[in-house]
Amino acid sequence: MVIVTLIALVAAIVIALLGIVAGSSSLTIPDAVRTLVGAGTPGQELIVIELRLPRVVAGLLVGAALGIAGALTQTFARNPLATPDILGVTSGASLGAVAAIVLAGGSYSVGAGLLSLGLPLVAVLGALASSAIVYGLAWRGGVDSYRLILIGIGATAALGGITSYLIARAKITDATAAAQWLVGSLSGVSWSSVWPVLVCLVVITPIALQQSTNLELTQLGDEVSTSLGVAVQRHRLVVIVCAVVLTAAAVSASGPVEFVAFVAPQIARRLARVGRPPILAAGLVGAIIVTGGDALARGVLPGQVPVGIITAIIGAPYLIWLLTRRKERETL
Amino acid sequence: MSETRTDAAARLTATGTATATGPVPALEARGLTLAYDRSVVFERLDLSIEAGTVTTLIGANGSGKSTLLKAFGRILQPSAGTVRLDGRPVREFATREVARRLAILPQKPLTPSATSVRDLVSRGRHPHQSMLKPWTPRDTEVVDAALAATGLAELAGRDAGSLSGGQLQRAWIALVLAQEAPTILLDEPTTFLDLSHQLDVLELVRSINRERGATVVMVLHDLSLAGRYSDRLVVVGGGRVLADGAPWEVLTPDILRSAFDLEALVVPDPSSGSPLVVPALRPESTSDFRWPSANRPDARGLSTAETPGEVDGTRG
């Protein structure tokens, strides 16, 4: 597993360099490396440091955050369909962001107030509020993962409905802006949107790794893990908070990038050939998917294709291929 | 580990919570009320489990045997009352400390994917480890011993998901053994096993008790096996303890009738001398139920549409 993690790390660095050179200007990888160590021309510095680097770094961080969040939720819920989305994070963030875009565009004073907070912050507030509600509704002297998933699905549907309603009655320009945000894109990122994600990752990743043993033990069921000395409910709350914060940070920076939190942990798990998604490797695979997808969109495909579309189009078939290729009987 | 135990013992004598007479019970329920949502299963139950004994909880389906075991194993929080472990309320211990003293094997543990038998059993060592004290050679020794005791040494490298029902159950018991807890709770450890494997499991339980002095509380459905392998039987039903005592005191026709609605003879088991419960032949006319004539299965398993009122010919 260590080898897989190291390979993924190298791959992420290579993809990041490709991401820096991908695009309209004629940069080579040596140029990019030279500029990164401070030996480039002023022109190259502008392109690399100010334009490309924030976007590539944001892609790496967003992908890593989503990958780790996905690994955490899939493991604690013992269900690969349990992405952070089912905790209500993404749908809450989407509703917050769309409400800000749509209502601020209209004559609603509340909307103007929301937008003045900044779109990322509104998205984060929406994410935290909805996941707190989902967790609260799932609480019954403790949180059971099935109950949490079902309530999360219900909440996601309800919030999605409200989001659609807002878009349907919005002005066409606002609706377009909202739809663009909902796809998930790195086109609007700058250094200021990178820092919050970086801080969250630096703080949360060690906590997530520290929960690793408990995550392994809870695979034996709540009762056995209690018997082995895991404080199951406290552990579960810590894991959920980690996943929610990481996802909220990622979504606030880029919008909801589809499929990464679902597919990255599963790819990492299959590459490492282990029973549950490895946390660090899942983060690295997520980083590769998002940065690679964005590089592909800029360097190869015509027009400005948002990364969220690429991740869904490439990530999903890759997972299906992984599933069909392996003959051993294993549950998804 | 021995240090913490003496600590606990010292504190115990200091606070004077132990009863003046007799040793401290391994487990004790005091005024225990257990409920799921609003349906109360036990109300103000008192039950004390003496250290170093094998106690089996028996009772009809839905009588609350497993519920009581879960409360002892702190999986179910009581609505009122306390569970005391080694003389102290279980909630006063740190969760890992409880895990070093008490192990519980539930009815349906989840088998993890892509995990070898050895890895599964090794997880029993978790309560003995910490950041400062990771895996030691002694942990390996204990896991090896647990695998050997359960006859799994040769299957140690196999994927746990590929084991048969009997092998898997032994693997779970090996995990409990590796935990080295002096008090062990087993919820129907013999379910899904054939008779020979049931005996394997119960012999193993007996030897853990005899050789290590472990306290065992289990739930069993087979009354005769319960009688053969237990020092004490506790019959529960209707939210209380219906009978409590040595196997010959508890497995009587009267108690079986009231607790299980079962007419039975109790005779000495020719092989062990323990009480053997032999269900009495039920009279044929106790039920008014008749198969609808068109679908009534006959003795050969064929469906016939013959004359109604024909007497069932399978007995006699």
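In chain B of this predicted model, 63% of the contacts with a separation of 6 or more join residues 24 or more positions apart. The chain holds 10 helices and 12 strands. Of its 316 residues, 39% are buried.

Two helix pairs in chain B share helix α6. In one pair, helix α5 (residues 137-149) of chain B packs against helix α6 (residues 165-179) of chain B. Their axes lie 9 Å apart, and the angle is about 140 degrees. Angles over 145 degrees count as roughly antiparallel. The angle of about 140 degrees therefore makes α5(B) oblique to α6(B). The crossing of these two helices, α5(B) and α6(B), is right-handed. From α5(B), the contact takes B:Val142, B:Val143, B:Ala146, B:Leu147 and B:Ala149. From α6(B), it takes B:Ala174, B:Leu177 and B:Ala178. By class, the contact of α5(B) with α6(B) has eight nonpolar residues, with no polar and no charged ones.

The other pair joins α6(B) to helix α7 (residues 195-212) of chain B. Here the axes come within 10 Å and cross at roughly 10 degrees. Angles under 35 degrees count as roughly parallel, so α6(B) and α7(B) are roughly parallel to each other. On the α6(B) side, the residues are B:Gly166, B:Gln169, B:Ile173 and B:Leu177. They meet B:His197, B:Val201, B:Leu204 and B:Ile208 in α7(B). This contact divides into five nonpolar, three polar and no charged residues. B:Leu177 is listed in the contact of α6(B) with α5(B) and also in that with α7(B).

In chain A, helix α3 (residues 42-76) packs against helix α12 (residues 232-254). The axes of α3(A) and α12(A) are 8 Å apart, at an angle of about 150 degrees. Angles over 145 degrees count as roughly antiparallel, so α3(A) and α12(A) fall into that class. The crossing of α3(A) and α12(A) is left-handed. Residues of α3(A) in the contact include A:Ala58, A:Val62, A:Leu66, A:Leu72 and A:Phe76. Among those of α12(A) are A:Arg236, A:Val239, A:Cys242, A:Leu246 and A:Ser254. By class, the contact of α3(A) with α12(A) has 15 nonpolar, three polar and one charged residue.

A:Leu209 is found in helix α9 (residues 191-210) of chain A. A:Leu209 counts as partly exposed because it has 13 C-beta neighbours inside 10 Å.

The two chains also touch each other. The contact takes 16 residues from chain A and 21 residues from chain B. Helix α11 (residues 222-227) of chain A gives the most to the side of chain A that touches chain B, with four residues. By class, this side of chain A has six nonpolar, eight polar and two charged residues.

Confidence was examined for chain A. The average pLDDT of chain A is 85, and 93% of the residues score at least 70. Over residues 106-112 of chain A, pLDDT stays under 50. The model has eight contacts beyond four places in sequence for this stretch. Over residues 328-332 of chain A, pLDDT also stays under 50. Five such contacts are present in the model for residues 328-332. Where pLDDT is low, the predicted coordinates should not be read in detail.

How values were computed
Residues are numbered from 1 along each chain as its sequence is written. Chains are lettered from A and ligands numbered from 1 in the order in which they are written. This is a predicted model: local features need pLDDT of at least 70, side-chain atom pairs count only at pLDDT 80 or more; totals for chains, interfaces and linings use all residues. Two residues are in contact if their C-beta atoms, placed from the backbone, lie within 7 Å. Ala, Val, Leu, Ile, Met, Phe, Trp, Tyr, Cys and Pro count as nonpolar, Asp, Glu, Lys and Arg as charged, and the others, Gly among them, as polar. Axes are lines fitted to C-alpha atoms, for helices over the stretch in contact, and angles run from 0 to 180 degrees between N-to-C directions. Angles under 35 degrees count as roughly parallel, over 145 as roughly antiparallel, 65 to 115 as roughly perpendicular and the rest as oblique. A crossing is left-handed if the near helix is turned anticlockwise from the far one by less than a right angle, and right-handed if clockwise. pLDDT is the predictor's confidence in each residue, from 0 to 100. A residue is buried if 20 or more other C-beta atoms lie within 10 Å of its own, exposed if 12 or fewer, and partly exposed in between; C-beta atoms are placed from the backbone.
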